[in-house]
Amino acid sequence: MNLFLNEEANRCLLCKKPRCKEFCPISTPIPEIIELYREGKLNEAGEILFQNNPLSAVCAIVCPHEDQCAGHCIRGIKGEPIHFYEMEEEISKDYLNNVKFEKPVANRDRIAIIGGGPAGITIAFTLAKRGFKVTIFEAHEKIGGVLRYGIPEYRLPNTMVDKIAEKLQELGVQIRPNIMIGPVITLDRLFEDGYKSVFIGTGVWNAKKLNIKGETLGNVHYAIDYLKAPNVYNLGDTVCVIGAGNVAMDAARTAKRNGAKNVYVVYRKHFDQMTATKKEIEEAKEDNVEFKLFRAPVEILEDGIKVVKTENIEVDGRIQTKTLDGQEEIIPCDSTIIAVSQEPRSVIVSSTTRLETNKWGLVITDEEGHTTREGVFASGDVVTGAKTVVQAVAHAKHVADAMERYCEENK
Ligand SMILES: Cc1cc2nc3c(=O)[nH]c(=O)nc-3n(C[C@H](O)[C@H](O)[C@H](O)COP(=O)(O)OP(=O)(O)OC[C@H]3O[C@@H](n4cnc5c(N)ncnc54)[C@H](O)[C@@H]3O)c2cc1C
């Protein structure tokens, strides 16, 4: 057992009303797990974590802990919060490496899952264990969604996603890779082939445009595309990344690690206004990524980006960011990466009927994940817009229950 983590476990106050659990989107029973950790019952702890969250091993690494468990730990008020997520990582990794699932008798309905990201994986684990015949249809070569084709390898190793795929297959889940549902196989075809219920967990894979001149130039890329396969890009020595979320930090840090000498994150506001977590920003600084703040891009050129300077002003007690007319400059660079969020694709919706979306193209559902089309459920980013892994998993758990109820009520 890890000595540091043993000390951490002993430092935990095992609060009666644990704020760490309260602020965990999937209500991880943290004090209970820490008690088991103290007693050395790691396998039992791993089982509980997995039952509560089949992506516990992933969430332990990628969750924004500063906003969740660690950020609300009582110990953190006067000192260091408990590093529970490090215990969770150790326990959940060991569990996945050691457990061997028995294939359940699959004598219940046939379920189609479109999209093998965190939402689809959660539905697959939950329903396969309950005896449903589950098939995942995945547009990419392998399942994992953003875990594999977005979050860089240095933050989350692909071997962990491989392990999760292996566990799904032990439970009898069938995976059809390289198949984009919509253009060839439609929702209607799935129902014709006897799938009782269909889950859509296709995420948000279209980059949002900046809508400025120069966006189609050959040295301009979208972060969501770049992060899929950074090795195939030749970005040159100096790279500008436009954006201020975690995706921008991932793109900037990846470009640096892949050989760019200078990487600038260009943002029109201040550090405090960035959506990236403090941890991600600090780690980007440690990687020598530089920040050019209070600059709004107005045009992308072949050899740089034209920006106009901005400032924060207070209007009616609220901070607003205003451009400073005439104060333009050019930041020279060899290539530009745009990271200003993502939106869903419309291939499924446009190839079927009665599946409604809102004005952002997100699939409309009720709280249980029912879409406007009978038998079709959805959750994850394709419903909520870009969020987090743990939020996708937490909601998908409830949707799996609703899908089971639907199958039972429609025999
Ligand atoms: C670069 C990046 C870094 C991030 N970092 C973090 C982080 O550190 N921590 C965190 O908590 N969250 C992070 N997120 C957000 C998080 O990864 C997402 O909220 C989460 O993955 C959403 O899960 P999902 O299952 O809804 O969608 P996705 O992970 O997007 O998975 C959807 C899957 O559906 C497939 N698909 C799409 N259309 C079709 C189709 N028509 N047919 C078949 N398959 C299809 C896709 O190929 C994909 O595999 C990050 C996101 C990005 C982009």
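## Terms for helix pairs

Angles between axes under 35 degrees count as roughly parallel, over 145 as roughly antiparallel, 65 to 115 as roughly perpendicular, and the rest as oblique. Axes are lines fitted to C-alpha atoms, for helices over the stretch in contact, and the angles run from 0 to 180 degrees between N-to-C directions.

This is a predicted model, in which local features need pLDDT of at least 70 and side-chain atom pairs count only at pLDDT 80 or more, while totals for chains, interfaces and linings use all residues. Residues are numbered from 1 along each chain as its sequence is written, and side-chain values use heavy atoms, with hydrogens and water left out.

Helices are DSSP runs (H or I, at least four residues) numbered from the N terminus. Helix α1 (residues 3-11) and helix α7 (residues 84-98) have axes that come within 10 Å and cross at roughly 125°. α1 and α7 are therefore oblique to each other.

The axes of helix α3 (residues 30-38) and helix α4 (residues 42-52) come within 8 Å, crossing at roughly 160°. α3 and α4 are therefore roughly antiparallel. For α13 and helix α14 (residues 278-286), the axes come within 10 Å and cross at roughly 20°. That makes α13 roughly parallel to α14.

## The ligand and its shell

## Contacts and cover

A polar backbone atom of Val 62 is 2.8 Å from a nitrogen atom of the ligand. An oxygen atom of the ligand lies 2.9 Å from a polar side-chain atom of His 140. In the side chain of Arg 155, an N or O atom is 2.8 Å from an oxygen atom of the ligand.

On its own the ligand has 1000 Å² of accessible area (Shrake-Rupley method, 1.4 Å probe), and the protein covers 96% of that area.

Conventions: Polar contact = N/O pair within 3.5 Å; in protein donor to acceptor, adjacent residues only side chain to side chain. Helix = DSSP H or I, 4+ residues; strand = E, 2+ residues; numbered from the N terminus.
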